[in-house]
Structure formats: structure tokens, C-alpha cells
Number of protein chains: 2
Amino acid sequence: MLRQLRPRSSLFKQSPSRLLASYEPSRLYSIKAEAAATTKLPEIDPSALTITKTTTPKELVPQNELVFGRTFTAITDHMLSLEWTAAEGWLPPRITPYQNLSLDPASCVFHYAFTAFEGMKAYKDAKGQVRLFRPTKNMARLNKSVARIALPTFDGAAMIELISKFAALDERFISDQKGYSLYLRPTMIGTQRTLGVGPPGSALFYVIASPVGPYYPTGFKAISLEATDYAVRAWPGGVGDKKLGANYAPCIVPQMEAAKRGFHQNLWLFGEEEYVTEVGTMNLFVAMKNKETGQKELITAPLDGTILEGVTRDSILELARERLVPEGWLISERKYTMGDLDSAAKDGRLMEVFGAGTAAIVAPVRNISWKGKLVDCGLKPGEEAGELTLKLKDWIEARQYGDEEHDWSYVVPK
Amino acid sequence: MLRQLRPRSSLFKQSPSRLLASYEPSRLYSIKAEAAATTKLPEIDPSALTITKTTTPKELVPQNELVFGRTFTAITDHMLSLEWTAAEGWLPPRITPYQNLSLDPASCVFHYAFTAFEGMKAYKDAKGQVRLFRPTKNMARLNKSVARIALPTFDGAAMIELISKFAALDERFISDQKGYSLYLRPTMIGTQRTLGVGPPGSALFYVIASPVGPYYPTGFKAISLEATDYAVRAWPGGVGDKKLGANYAPCIVPQMEAAKRGFHQNLWLFGEEEYVTEVGTMNLFVAMKNKETGQKELITAPLDGTILEGVTRDSILELARERLVPEGWLISERKYTMGDLDSAAKDGRLMEVFGAGTAAIVAPVRNISWKGKLVDCGLKPGEEAGELTLKLKDWIEARQYGDEEHDWSYVVPK
């Protein structure tokens, strides 16, 4: 009487069907997944990469139409993908033409949000070389993210090798103009076919890419923020410090609410103290003068489990420690409140406020709506970005585009 | 030079391509989505349902192999699905053979966890009629869930009509034996193709079904819990009260940790006070005697934003208020701590503890590991379920299977 369901068809409809490991779902703990996590299974093997090139290369979107955030629908010709199963480990990597994923409707990503991702960029330098910016940081963070939701960890160096090959293959999509780059989106999803809640017995790691233009094509435009007090993005003991899909969908409505009232982004506060944490999907930095000593201080919230460990955040802190401390600045990872900001603004001590992230690098803030008033963030009338904000952007871009040789920049082998 | 990407292919590879509304992604607020949310777009229209029956019906899994949680890979012949776009509203519903979804790798469900779902069951009564249990509750909750992540809300009554047709079509998968049912999984995912973080301009609502057997095929088996103090499931101002995918993936590792130490599920505590909130993916109920008066009290945590609004939880509360209050019980939705449980256990006042959810209805708890000791939950040696737990299960099942006629049970039209 019993008829087993046919083996799940491969994730890619254009490639031959691959039988994935059968996996016994259980609402309790899966011994199999535990074994997989502790025994030695095949790691990612870049030498096993197969490349199937597209036969219908896309035409490039004209540069002036590559406005960041608006052209994320422009996708390159190919994608990189790797399947993983608890029984077999990492299967051989493949670069194929960009194509749809074919997934069983019972796949756990659709029900339980088994998804983690990264945002990183490839740049083209003056010599025409393709460069990745601090890719080890992204791989380390992704490994932390996937481990937190019981998805498989992986060899970051092997993955960088594969991403490099992918970026090199699609390098014609990368403009060598300053401000242009290729946005890379490494994504890992749980593909286990079960309605039971448990550790995924299979996963898919894929990387897609979209050519992007400058975030501020006509120069900086300072943004206005609305402090959000009715919703909380992250909390101690939660997962707000991981780059999980789970942290993003719940952020949209507060963002829409802020936009409805004319603000560009919402600012996430935490607790009765109203600690300032993050802005929209960026880290936040504040430059102010000390009330007593007048010393200049660059402040960002500490990595206490509620803050995303931004690569741009880290880069700003390193550069600031290297170049601003000798100028007398204090660089602080510490908690600060909306009240602190407000009183600094009142005293004229608030110098600059800016968001920091891979997309914009830095995003200058004009003011913050809080408790029915607008806290002015220190920009002069007509000024769209502060001196420090501009400086930091230049410093980071110099390393991203290889104008300044530095080990943050990883040159993709030809 | 500009070449638009080809229109996204239909979600279903076996059906003709359907051009979805073009939607301009933006990292800021989408005026289009706003318009869609406020203007009148087509609602779900059950009369437009098309049914394509499978030509390869599956053989039924033998009843004795339908162990709950183990046979979630057994799926019925068909699926119900509806597409939605911000420009067109709800497109005509379709019942098709069960099949893979074909989705662009840039679909927002894969990156930002735009997913919400329900768990509900269809039962077969003594007359062979198919019945749904309180389906309006599930639809109301799903509408709250999807609204919280900017997915489209829908007409719950229309959806129940469609789910009924789907359950009726696949009714041969529903055993008329007590304890057996058809687990239904309504799921809504964001299908917007963009890497920008914003409200989805398109979504897919689908319902799949899996025949399930009794949770405790050989009678109740009391479970052991481990109190989790290092991870926090939900937070005031967060989304822990919504049935979002985002709430599930982060729960797996704490569950695996508990299992490693021999416990069946983890128990989520909250705050320094160690308030008891939920167990694994169930609500928790505690029966204890009042320290001063000796009055019996049935307690569950209140819906303060950190607790899932369980349909079984609500059913238990209603039945308890109707049938236990006359016997002198106090029925309480109130906060209580692990310390309260422990002191009741020490005094011999702790009568019963049980989880409550759609899967198990009730799940008796033997003990809870907390601060290095085992808190005994009142079962006698050899006893696997308390008197009240057994009673509640019978009361609820009587209404689920239509043995007791009640408006909680919705008879599916033939």
C-alpha cells in the first residue's frame, strides 16, 4: 500500500534531477543533523566548480539608469550555487545561467524563515582589476548567521574563491567609474521538505549579483529620520546581531509609517532609556563635542547582541582610530540615548550624524523626529553632508577602488 | 542599449506564464504599495476558482505509518494557490496538482523572510462529513500576521470557502478514525523580485495538506522541558505574537540544545523575573492550588505581545470557563514565574502542566529542568497525563470530530 513520494526534483529545472538525501523530519531533535554537525563531511571544493555559460547574454543597463536601490531588478547573466545535505555535506559548486529556483512548497524556507544573507560589493579599479572589499568579514558574519538558525557553516576562503570566479565571469557588468560597483548577494536557505519544525537536512547556498550605481548620483542628500518607539527591532538574547531574513520583514511597516509622515528612514530606539541602536537597515554614528572638555567624540552603539556587526561600521571605526585619534578625537563604541543626542543638539555640541552600510557607505542625517520635535543634527542650511562624513566616504572608497593599496581590498585573480 | 529583463515567468512551471505587475522597488516608501493598501482592488473571488485535477493520484500512506511529525512528507494530491499583486489585487484562485514553486532567486521571501502561515486541521466525522475546527480564528490570525509584514490582507470567509473545496477534493486522505486528521498549512510568501528592502509588490498565498495520525499513537507520553535562559524568543514591541516564519528558525538551536541534554522541548522564560511564556512551539498551561485558599487555578500567560494567540489556547480557556468555573476553578490569563511554579511544586500545590497547540492539542509535562534542578510537575509515577489534561483533550476532540455539535466545527459542504 505504501508508496513513497517520488524523490524531490532538483532545485534547478534546467539541470538533471539530483536525488537529495532523504531526511527524517522530527519535531524533536534530529540525531542525523547532530551527527552531520560534528562528523567530517565534504567541505566546499572550489576545484569541483562547473561553469555553464549563458547563451543569451543580457544587454547592459546604461550607467545613468543604475541608481542604487532602483535597479536591483538588473541582474547579471549568471549565478553561483551549492547544495548541501546533512548526509553528503557540500555538493560540487556550479555557476549556471541565472534562473528560477524550483522548490517544493513544503520547503522550510517558506514556512520557518530559514534564510541568512550577505551584502557585499565588487569594484573595478583603474587597472581594470576586479576587487572585493573585506570579503572575509562577510563570510565570517554569514557563518555566524547560519549557525544561529541551524544551517550549515562553510569554509569562508573557499567561498571567496568561488565568488571571485563568479565576479570575474560577470565582470562586464562592473563599471570602472567611481561610485559604480557590482552588488553581490550571497544567500543561504533551508530547503528541507517538511512541515515539522526542526534543523534543515538540506540547504542551498547561492550568490546573485546586480550592477549598482552611486547611492547619491547627484551628491549627498541628507535624510530625515523618525525615532520609532512603538516597535522594537532587536533585543538581548534575540537574533538582531545576525544577518537573518527574520530581522528584515518585521522592519517594513515601521519604515512605511515613518515614510507616511515624510521621513526617509526610521530610527530604532531600545528600552525605557531610549538607547539609539540602528537606523533602518544601517548602523548609526554620531559625532559630538564633550560637554565638559570639548573633546570631539565619534560614537556608535556597541555590539551587545542587538546591533548588526556592520562591515562598514567596522571599517569606519578602524579608520577613525587610525586617523582621527591622532587629531585628538575620542572613538567610542558605547551606549547613548536619544536624550543625549537632544541635549548635545541643544548645546550646539552635535557635529554630525550619519548612517553606515554597504549600500550608501555613509548616509548623512539632517534631523530626527522625536517626541513631537525635530532634533537638528548639526548640518548648516544648504549643507548636505558634514566634513567628517565626506572624509570617511573618501577614505573608504580609496580602499574599495584600490586607489590606496590596502589588505582590505582583495584583488580577484584574472 | 537598455533591455528590460524578460517578465518574470509564472510561479508554476506547468502553467502558462502570467505577467506579474511591474513594481518599482525602492529602499524608501513605495507610493504604489500604499495606494494598493488603501484603494479597492479585487478581493479573493471563490467563484473564479479553477480546478485542475491530478492525473497521477498518490497511494495513501497506511494509517499506522501516519505518526504526527514524522509523516509531514506525505502530502495530498493537490494544492490551492492565489497570486496577489499590488496593481491587480487577488488573481483567480486555482487548485492544481501539488507541484514545485518556480521562483526568481531575488524573490523577497528568500532574503527578508516575508512569510506567515497557519496550522489547522480537517477532520472526518462519524457521518463521513469533513469538518474544519474554528477556521475563522486561523484566518483572523493570519490576517494579523501578514499585515505586520506588509503582505496583503484578505477576506477570511472567502478563503475558508476555498480551503473547504480543497479539503473536499482531497478528502480521501482524511481517515475517519479518532486521532487522525488532515493538517492544513495556509502560507503566504512575498514574491517581489528585488534585493531592495521594501513592501512586497507581489505575493503568493498557497495551502498544502498532509494527512496526520495521532500525536500520541500509544497514549500520552509526558515530556520533559528545559528552561531556556540564554536565548529569548519574543519581546514587547516585537513580532512574537504573530505566526511569522521569522519566529521559528531562531528557535531551533535552543531546541537542539535542550534535546542534547535529553529534554523534549525547551521552555521560554522572559526577563529577570523569569516569566514563563511558551514551550517550544506551544502555549503552556499550569494547574495549581492557591497557597492561601486552596482554590484550583488554571493559568496561562496573557496575550501581552510576546505570546502566540493559540487557537487551542483560546479553546481551552473557553471550555475551562464554561465547565471548570462551576466546579470552583479560577481561570487566569496572567503572568507567572518559574519561581511560582517551583514553589507550588515544593508545596505539593502544582497539579498539572501541559502544552497546548494544534498538533498535539495538549502535551502533558512531567518536569522542567531549571537552574540545575528538576521541577516536578505533579504527575504520579507511571502516570503520563493528569486528569484535567485528559478531560480537555476529550472536550476539544468531541467538538473537532463533531461528536458534540458546536459552532466551533465548520462542516465542509459536499
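Two strands count as paired if DSSP finds at least two bridges between them. Helices (H or I, at least four residues) and strands (E, at least two) are DSSP runs, numbered from the N terminus. The model on screen is predicted: local features need pLDDT of at least 70 and side-chain atom pairs count only at pLDDT 80 or more, while totals for chains, interfaces and linings use all residues. Residues are numbered from 1 along each chain as its sequence is written, chains are lettered from A and ligands numbered from 1 in the order in which they are written, and side-chain values use heavy atoms, with hydrogens and water left out.

**Stop 1: strand 2 of chain B**

Select residues 78–85 of chain B. Of the 8 residues in this strand, 8 are buried (buried means under 20% relative accessible area, exposed over 50%, partly exposed in between, with a 1.4 Å probe and protein chains only). In a regular strand the side chains alternate between the two faces of the sheet. Here His78(B), Leu80(B), Leu82(B) and Trp84(B) point one way, and Met79(B), Ser81(B), Glu83(B) and Thr85(B) point the other way.

- Strand 4 (residues 94–97) of chain B runs antiparallel to strand 2 and is joined to it by 4 bridges; Leu80(B) stands opposite Ile95(B).
- Strand 10 (residues 202–212) of chain B pairs with strand 2 in the antiparallel sense over 6 bridges; Ser81(B) stands opposite Tyr206(B).
- Strand 3 (residues 89–90) of chain B pairs with strand 2 in the antiparallel sense over 2 bridges, and a hairpin joins the two through 3 residues.

**Stop 2: strand 12 of chain B**

Select residues 265–270 of chain B, where 6 of 6 residues are buried. Gln265(B), Leu267(B) and Leu269(B) point one way from the strand, and Asn266(B), Trp268(B) and Phe270(B) the other way. Strand 11 (residues 223–228) of chain B runs parallel to strand 12 and is joined to it by 4 bridges. The chain passes from strand 11 of chain B through helix 5 (residues 252–260) to strand 12 in a right-handed β-α-β crossover (with the strands pointing away from the viewer, the path from the first strand over the helix to the second runs clockwise).

Strand 13 (residues 275–279) of chain B pairs with strand 12 in the antiparallel sense over 4 bridges. Leu267(B) has Ala227(B) as a bridge partner and stands opposite Val279(B) in strand 13 of chain B.

**Stop 3: Trp370(B)**

Trp370(B) lies in strand 18 (residues 361–370) of chain B. What relative accessibility does Trp370(B) have? It is 9%, so Trp370(B) counts as buried. Residues in contact with Trp370(B) (heavy atoms within 4.5 Å) include Ala227(B) and Leu269(B), leaving out residues up to four places away in sequence.

**Stop 4: helices 6 and 8 of chain B**

Select residues 311–323 and 387–400 of chain B. These helices pack at an angle of about 105°, with their axes 10 Å apart (axes are lines fitted to C-alpha atoms, for helices over the stretch in contact, and angles run from 0 to 180 degrees between N-to-C directions). Helix 6 of chain B is therefore roughly perpendicular to helix 8 of chain B (65 to 115 degrees; under 35 counts as roughly parallel, over 145 as roughly antiparallel and the rest as oblique).

**Stop 5: Lys243(A)**

Lys243(A) is found in the loop between strand 11 (223–228) and helix 5 (252–260) of chain A. At 10% relative accessibility, Lys243(A) counts as buried.
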